[in-house]
Amino acid sequence: MSHIAQLSPLPVVLPMVGAAVLAGSRKWLNRAAADSIGIAFAAATLAISALLLAHSVHGTEIYWFGNWYPRGSVVLGIAFVTEPIGAGLATLAALLTVLALLFSWRFVDSGGNHFQPLMLVFLAAMSGFVLTGDLFNLFVFFELMSTAAFALCGLKTAEPAPLQGSFNFAVTNSVAAFLVLSGTGLLYAVTGALNMAQIGLALGGRHDPLVLFAFTLLTCGFFIKAAIVPFHFWLPDAHAVAPTPVCVLFSGMMVELGLYAVVRLHSVIFAQTFAAHEGAFRGILLVIGALTVVVGGVMCYAEHHLKRMLAFSTICHAGLMLLAFAIQGPVAVAAMLTYLLAHAFVKSGLFFTAGVILHRLRSIGEKALYGTGKGLWGVAALWFLGGAGLAGAPPFATMLAEAGVSHAQKDAGLHGVALLFIFGGLMTGGAVFRIGMHTFFGWGAGPKTDPAAEVGELPETAEENRKIFWYHYLPPAFCIASALALAFLPGWMAVLRNAAAAMVSQPAYLHTLYTGQTVALALPSWKRAVPEACLHGAIGIVLAGALACSSVFRRKLKKPLRVGDFLEGPMRPWRDAQSGHPGDYVMWITVGLAAIGSATMLLLR
Amino acid sequence: MQHVLNCTPYFVAAWLFFCGLYGLVTSRHLVHSVISLAILQSSTYMLLLGIGYRVGGAAPVFVGIAPGQLTVDPIVQALMLTDIVVEAVVVALLLAMVVKAHEKSGCVSPTDLRTMRG
């Protein structure tokens, strides 16, 4: 173990210390001091995580807490596994936290300086979640992440809507945590181990109803966090009411971490169990993913509340990432991780921009915003660029991920997954374009509206200062620019593809964990699919623009051409399902659990 | 008979799980929802304790007992303790939200709380 590996616990320890310092002294600190301390600790975490990432490229490091090294195949202690994907996600989480804290600089109401320590706890939990190699540890960080998130979501307790959103979020995600814990307990009962690698080794392809049951519980638990249909209902309620910087971390990181956990558990623990049922397993995930893309995309276009629209777009993109994972294999997982990275930047940029709109124009509903944004060209440019990024337009890194998916689906003999990527891009990009055309240009006959968009959100900032400062522009501009720059930066793709190959290989993970040595693997590549994805992205953005225009200029079009107008319409049953009642959401969780459980038991038997 | 007794904790865990779910789905009072969630969580206690239980096992205190003496599994008991801490935090946070909701809007029903839907 090198000296750098000794730093592995710091991405968790540093923000925790920062949170303790801030929480302890919050009564004596003024706003600027609390913000500065928060940013300093988050930036220090970012530096450490980036150092770990840079080091992990040369070889995975295993850190055993208290030097409890494994004896033979028996793991005695808890390990932090610093491999490029975990370290990369920790770096991304720290980066987004720094940007979110910078964005909230003396600006977003901090709820009596509770905001900064909670953000640091949230960061610590996310870092721990991606670095740990222990299943129970994973649950603890999952729960810590959730608890910090519930509190952050309900920070604006002056209004009833945040309480509703936060309560629904807390109930559904607590159920998720219990499912994960029950699954962990069952796996411990079967294998006597809590370390993921040792569980995988002990299971060794064992295939009985108990293992399938544990798999169902764990997967559904993480799917609730990842907002996969029918577990997605909490997400729009929570996003619509959380402060903007918190939305950035929810959509940019937290939701994706649910999917990361599914991929990690599948590769390390269940890979051999399902080796003989690859087709059925892929089929189940493809169906769930496609359902998520369709529901997320259609509802995204039907929303007129900016944050709710972006929240449904996150559901749609989580579905796309699940589809990428469903294809299976190193190329597909590398494509999924590329999409995760690109989406995190694009969606964070859009949420920051929505925050600037709320700050400057004092409203978040499309109808109230109509025509009020004329002259805000900087904000408009960021908004439209973000929309193009969601649609997977060529210079954005989302396009690279789509290329990977096209390549992987061809290798797997599948068709249509790439079409769903175009569909997702066109619905979410179209919704962003439509709102942009209405708000910044004031085109057309005026926007429609819906009941949720009429629930006014109190602006997050004080009325007297509506100026847009540099620290409002910097975070969204940085995010959008990163999503563009990633497509041109050399080097990172090779690292990511290599790491993805190591992630999906159970023998490689086991070997690394027990010996500390990294295995060299064949690099997956998808260069030849890039021109095709460019074409798909171009089609996507043109269709998204056309869809937005068919909504905006509906009066000038003949009936069959008013596609956007139709899609914006009532969609009654879909909207009714989004009832805002926690009981209904738990009912849907039960239905989803039963459906996925029976599919697993019947098809993967 | 012994076999049935061995399985009892799992039946109780499943029973508590479904009681909690039923309570959450049908709840018409926010405090009732929170308590249902706590009941749902107690199913995980039963499950974990059931997994660690050994018939005839002593308490896992390794002072003054012969080496090799059968004990119940201390690891799952530690997990369960962590679980209890988690529950305390979640329940406290949720109840605080309920108090806030009651203060702000005077409502204690999840149906009245919802301001945003669709």
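Along its sequence, chain B reads α-α-α-α. That is four helices and zero strands. Before I go on, note that this is a predicted model.

Staying with chain B, its radius of gyration is 19 Å, while the globule rule gives 13 Å for 118 residues, so chain B is more spread out than a compact globule. The C-alpha trace spans about 60 × 30 × 20 Å along the principal axes. Of the 118 residues in chain B, 31% count as buried. For contacts with a separation of 6 or more, 53% in chain B come from residues 24 or more positions apart.

Now chain A. There we have 25 helices and two strands. Buried residues account for 63% of the 605 in chain A. With the separation again set at 6 or more, 82% of the contacts in chain A are between residues 24 or more positions apart.

Strand β1 of chain A, residues 61–64, is joined to β2(A) by four bridges, and the two run antiparallel. Are the faces of β2(A), residues 79–82, covered or open? Both are covered: A:Ala79 and A:Val81 lie on one side, A:Phe80 and A:Thr82 on the other, and all of them are buried.

The largest nonpolar core has 257 residues, and the members that touch the most others are A:Phe122, A:Met145, A:Leu152, A:Ala324 and A:Phe325. Helix α13 of chain A, residues 330–361, gives the most to this core, with 21 residues. As general background, nonpolar side chains in soluble globular proteins tend to be buried together.

Take A:Phe325 as an example. Leaving out residues up to four places away in sequence, A:Phe325 touches A:Leu259, A:Val263, A:Leu285, A:Ala332, A:Val333 and A:Met336.

Helix α8, residues 209–225, has 17 residues, which at 1.5 Å a residue should span 24 Å; the end C-alpha atoms are 25 Å apart, so the two agree. Of those 17 residues, 13 are buried. Just after α8(A), A:Ala227 takes a positive phi of about 60 degrees.

Helix α5(A) has 19 residues and reaches 26 Å from first C-alpha to last, close to the expected 27 Å. As for burial, 19 of its 19 residues are buried.

Last, where the chains meet. 40 residues of chain A are in contact with 35 residues of chain B. On the chain A side, α5 (135–153), α6 (160–191), α9 (234–241), α18 (451–454) and α25 (582–603) each supply at least two residues. Which helix gives the most to the side of chain A that touches chain B? That is α6(A), with 16 residues. By class, this side of chain A has 22 nonpolar, 14 polar and four charged residues.

Technical notes:
Residues are numbered from 1 along each chain as its sequence is written. Chains are lettered from A and ligands numbered from 1 in the order in which they are written. This is a predicted model: local features need pLDDT of at least 70, side-chain atom pairs count only at pLDDT 80 or more; totals for chains, interfaces and linings use all residues. The expected span of a helix is 1.5 Å times one less than its number of residues. A residue is buried if 20 or more other C-beta atoms lie within 10 Å of its own, exposed if 12 or fewer, and partly exposed in between; C-beta atoms are placed from the backbone. Two residues are in contact if their C-beta atoms, placed from the backbone, lie within 7 Å. Ala, Val, Leu, Ile, Met, Phe, Trp, Tyr, Cys and Pro count as nonpolar, Asp, Glu, Lys and Arg as charged, and the others, Gly among them, as polar. A nonpolar core is a set of buried Ala, Val, Leu, Ile, Met, Phe, Trp, Tyr and Cys residues joined through C-beta atoms within 7 Å. The radius of gyration is taken over C-alpha atoms; the globule rule is 2.2 Å times the number of residues to the power 0.38. Two strands pair if DSSP finds at least two bridges between them.
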